[in-house]
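Dear colleague,

I am handing over the structure that you will find just below. Please keep it open while you read the notes that follow.

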Amino acid sequence: MVPILEGRSVRPAEGVLIRFGGFERIPAWWQVRTSRYAYVEYETGETELYDLIEDPDQLENIADTNEGRSVAPGLRVLLDQLRTRAASPR
């Protein structure tokens, strides 16, 4: 927010990082959301991928489809980058 308040230009975020720490029988997970996709990695190793334009309610996991297999690697890299950035001291 500071750059915006100071009137400096800001590059739009590539994605938004979301984390859930887990609860009872629900495993922890990390998610990256872009303007098109939501990619989720659970601590169990499972993944989910949703096309937010075609499926805004996130009802159909496309991780195991041709589209999912082509899109997921880039989203995985973006998720790792955002996690690293979030973990590093400012």
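A residue is called exposed when its relative accessible area is over 50%, and buried when that area is under 20%. With this cut-off in hand, Gly45 counts as exposed, because its relative accessibility is 59%. Please bear in mind that the model is a predicted one. Gly45 sits in the loop that lies between β3 and β4, and its C-alpha atom is separated by 9.4 Å from that of Trp29, a residue 16 places away along the chain.

As for the protein as a whole, it has 2 helices and 4 strands, which follow one another from the N terminus in the order α-β-β-β-β-α. If you take the contacts between residues at least 6 apart in sequence, 26% of them join residues at least 24 apart.

In soluble globular proteins, nonpolar side chains tend to be buried together. Here the largest nonpolar core is made up of 12 residues, among them Val32, Tyr37, Leu49, Ile62, Val71 and Leu82. Both β3 (37-42) and α2 (66-87) supply at least two residues of this core, and its largest share, 6 residues, comes from α2. Leaving aside residues up to four places away in sequence, Val71 touches Tyr37 and Leu49, and these three residues belong to that core.

With best wishes

Terms used. Residues are numbered from 1 along each chain as its sequence is written. This is a predicted model: local features need pLDDT of at least 70, side-chain atom pairs count only at pLDDT 80 or more; totals for chains, interfaces and linings use all residues. Side-chain values use heavy atoms; hydrogens and water are left out. Contact means heavy atoms within 4.5 Å. A nonpolar core is a set of buried Ala, Val, Leu, Ile, Met, Phe, Trp, Tyr and Cys residues joined through side-chain atoms within 4.5 Å. Buried means under 20% relative accessible area, exposed over 50%, partly exposed in between (1.4 Å probe, protein chains only).
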